[in-house]
Amino acid sequence: MNVLENLKWRYATKKFDPSRKIEDHSLDVLKESIQLSVSSFGLQLYKVLFIKDKELREELKKFSWQQNQITDASYIVVFCNYIKKSEEHVDEFIALKSYTEQSSIEDLRGYGDFIKTKIKEKSIKEYQHWTALQTYLALSNLLYSCAELKIDACPMEGFIPEKYNDILKLSEQGLSASVIAAIGYRSDKDKTQYYSKTRKPIHKLFEEI
Ligand SMILES: Cc1cc2nc3c(=O)[nH]c(=O)nc-3n(C[C@H](O)[C@H](O)[C@H](O)COP(=O)(O)O)c2cc1C
């Protein structure tokens, strides 16, 4: 299948088949596709939870507009962005980069200091918005990788982040839920899968200059 066929195959799944589960080997591919996502400076200022626990998902559903995807999908993926500035994040990244690239921390110090300066320039609100934006790039990789593997998904903002933060104890880790995705397999009773895609026409969406 080519890129466009995958993108046409996928849709925001409304009704999952609760009896079908994603195999571990596919889950590993999805995790790696998130791991390989681009991020600003390469910092990956987020954490991603894969939740399969039924009871926990019943609880989360109450704060997710009662959307059935929360309990019927195979997993709920919760993208959580860091909301507190910390130089440790940058130091950890530089240490990891130094180890991965076999270069000395000293050689990377200038880059680390540059990142720290750029982060200092942001207000806390701008910082939180910026880290949340990064999670959407990871979400996008997840969605595309799901399509490639013929796994269905529904990206979701229809939930109350504050409640997720309490229930999943995210606040105490300096995290906040930004966006979630339900992943699994479509039910053949999901009529949405047969809908045509509503998209702006090419001539309105693009301009070549
Ligand atoms: C960030 C984001 C949040 C969304 N939130 C929800 C949601 O809470 N519930 C839902 O059923 N669909 C949700 N959607 C799905 C969109 O409505 C859907 O992607 C869009 O209508 C295009 O349709 P398609 O994905 O089927 O092509 C969300 C999509 C995105 C990208």
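Rings of Phe, Tyr and Trp (the latter by its six-membered ring) are taken to pair if their centres lie within 6.5 Å; planes under 30 degrees apart count as stacked, those over 60 as edge-to-face and the rest as tilted. In the predicted model described here, local features need pLDDT of at least 70 and side-chain atom pairs count only at pLDDT 80 or more, while totals for chains, interfaces and linings use all residues. Residues are numbered from 1 along each chain as its sequence is written, and side-chain values use heavy atoms, with hydrogens and water left out.

The chain holds nine helices and four strands, where helices (H or I, at least four residues) and strands (E, at least two) are DSSP runs numbered from the N terminus. Read from the N terminus, the order of elements is α-α-β-α-α-β-α-α-α-β-α-β-α. Along the principal axes, the C-alpha atoms fill a box of roughly 60 × 50 × 35 Å. Of the 209 residues, 42% are buried; the term denotes under 20% relative accessible area, with exposed set at over 50% and partly exposed in between (1.4 Å probe, protein chains only). Contacts are defined by heavy atoms within 4.5 Å, and among those between residues at least 6 apart in sequence, 79% join residues at least 24 apart.

Seven aromatic pairs were found under the ring criterion. In one of them, the ring centres of Phe41 and Phe114 are 6.2 Å apart and the planes stand at 85°, so the pair is edge-to-face. This pair links distant parts of the chain, since Phe41 lies in the loop between α2 (24–35) and β1 (46–51) and Phe114 in helix α6 (residues 105–120), 73 residues apart. Phe41 is partly exposed at 24% relative accessibility, and Phe114 is likewise partly exposed, with a relative accessible area of 42%.

Phe41 also pairs with Trp130: the ring centres are 6.3 Å apart and the planes at 70°, so this pair too is edge-to-face. Here the loop between α2 and β1 is linked to helix α7 (residues 124–149), which carries Trp130, 89 residues from Phe41. Trp130 counts as buried, at 11% relative accessibility. Ring pairs join Phe41, Phe114 and Trp130 with Phe93, Tyr111 and Tyr127 into a cluster.

Trp130 is also approached by a charge: the charged end of Lys122 sits over its ring, 4.7 Å from the centre. The criterion requires NZ of Lys or CZ of Arg within 6 Å of the ring centre and within 35 degrees of the ring normal. Lys150 lies over the face of Trp9, at 4.7 Å from the ring centre.
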